[in-house]
Amino acid sequence: MMNSNASFINHHSFILTGIPGIPDKNPWMAFPLGFLYTLTFLGNGTILAVIKVDQSLHEPMYYFLSILALTDVSLSMSTLPSMLSIFWFNSHEIPFDACITQMFFIHSFGLVESGVLVSMAFDRFVAIRNPLHYASILTYSIIGKIGIAVLTRAVCVVFPVPFLIKRLPFCRSNILSHSYCLHQDIMRLACASTRINSLYGLIVVIFTLGMDALIILFSYMFILKTVLGIASKTERLKALNTCFSHICAVLLFYIPFIGVTMTHRFGKHLSPVVHMLMANIYLLLPPVLNPIVYSVKTKQIRSRIIHMFQRRRNRT
């Protein structure tokens with residue numbers, strides 16, 4: 001399936017890539033990938049369960065964290081079928097429509113995650129800048145509307161992408177560079193001009209992810225200005241500590257995203273293994289590490305998780 005004779009003129013399916021150059025090592029990746037997906041579901045599931053059970057965590061900050069956890073789980077579920085197909089069952093072929101569907105969900109949930117991170121930055125801004133009116137500003141209704149707006153924006157922005165891909169003819173190699181389907185990866189296989197696709201992709205990156213990053217940056221500039229105006233050093237550190245987990249989540253999302261974007265656009269001379277690693281880090285790392293960061297750095301969640309496991313141990 002992976003030889004060059006079978007890699008041309010296939011309008012009905014694509015061939016996903018496991019470990020470039022050493023396909024015989026693919027089965028060895030099954031166990032670490034299974035471990036990462038297990039950590040993702042257990043970590044984010046624990047965060048959701050703790051927030052649901054503990055009434056003291058029913059605050060705007062933790063509702064946004066719940067949305068982030070749900071987004072991470074959804075993003076992982078988007079890549080799970082093709083990952084399992086390759087590394088567990090050694091099946092590399094994916095139907096064209098299934099590939100387009102996976103691409104839609106991966107890019108949609110990626111934009112949702114970016115929007116949620118912006119919402120969490122706004123949450124921290126309000127909590128530090130205007131703590132007395134925090135609960136009255138970020139009501140349940142407002143949080144729900146923000147969540148719907150973030151999801152709607154992502155779906156509307158990504159909705160044209162499948163149609164932009166479907167209009168392209170594919171008469172060259174149908175071997176993709178990754179273990180899942182991305183717009184830029186599918187686009188490069190077309191045997192017609194992809195200028196519209198490239199332009200639309202660039203516009204999306206600049207006016208969604210780029211704008212989100214700028215909003216987060218300006219939010220933290222105002223937050224820092226407010227914190228520096230606090231007289232007590234202890235209170236300043238306490239205020240900054242509430243932002244640490246969110247800053248880590250932002251870095252975990254945007255640094256791999258920038259890395260995979262740069263390798264796609266300017267790293268064509270790099271080894272295929274580098275492209276594979278960057279793409280997998282971009283989608284697998286944040287869902288695994290986000291719940292760990294929030295569990296370690298958020299005292300309320302950490303203490304609740306410890307209490308929950310102590311109760312289970314006492315029962316046994």
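A salt bridge is a side-chain nitrogen of Lys or Arg within 4 Å of a carboxyl oxygen of Asp or Glu. Keep that in mind as we tour this predicted model, where local features need pLDDT of at least 70, side-chain atom pairs count only at pLDDT 80 or more, and totals for chains, interfaces and linings use all residues. Residues are numbered from 1 along each chain as its sequence is written, and side-chain values use heavy atoms, leaving out hydrogens and water.

Buried residues (under 20% relative accessible area; exposed is over 50%, partly exposed in between, with a 1.4 Å probe and protein chains only) make up 46% of the 316 residues.

Next, select Asp212 and Arg153, whose side chains meet in a salt bridge at 2.8 Å, N to O. Asp212 sits in helix 8 (residues 195–228) and Arg153 in helix 5 (residues 140–158), so this pair links distant parts of the chain, 59 residues apart. Asp212 is buried at 3% relative accessibility, while Arg153 is partly exposed at 26%.

Now move to Lys166 and Asp97, another salt bridge, with the closest N and O atoms 3.3 Å apart. Lys166 belongs to helix 6 (residues 160–166) and Asp97 to helix 3 (residues 96–129), so the pair ties together parts 69 residues apart in sequence.

Finish at Asp123 and Arg124: their salt bridge has its closest N and O atoms 2.9 Å apart, and both residues are buried.

Definitions and conventions:
Helix = DSSP H or I, 4+ residues; strand = E, 2+ residues; numbered from the N terminus.
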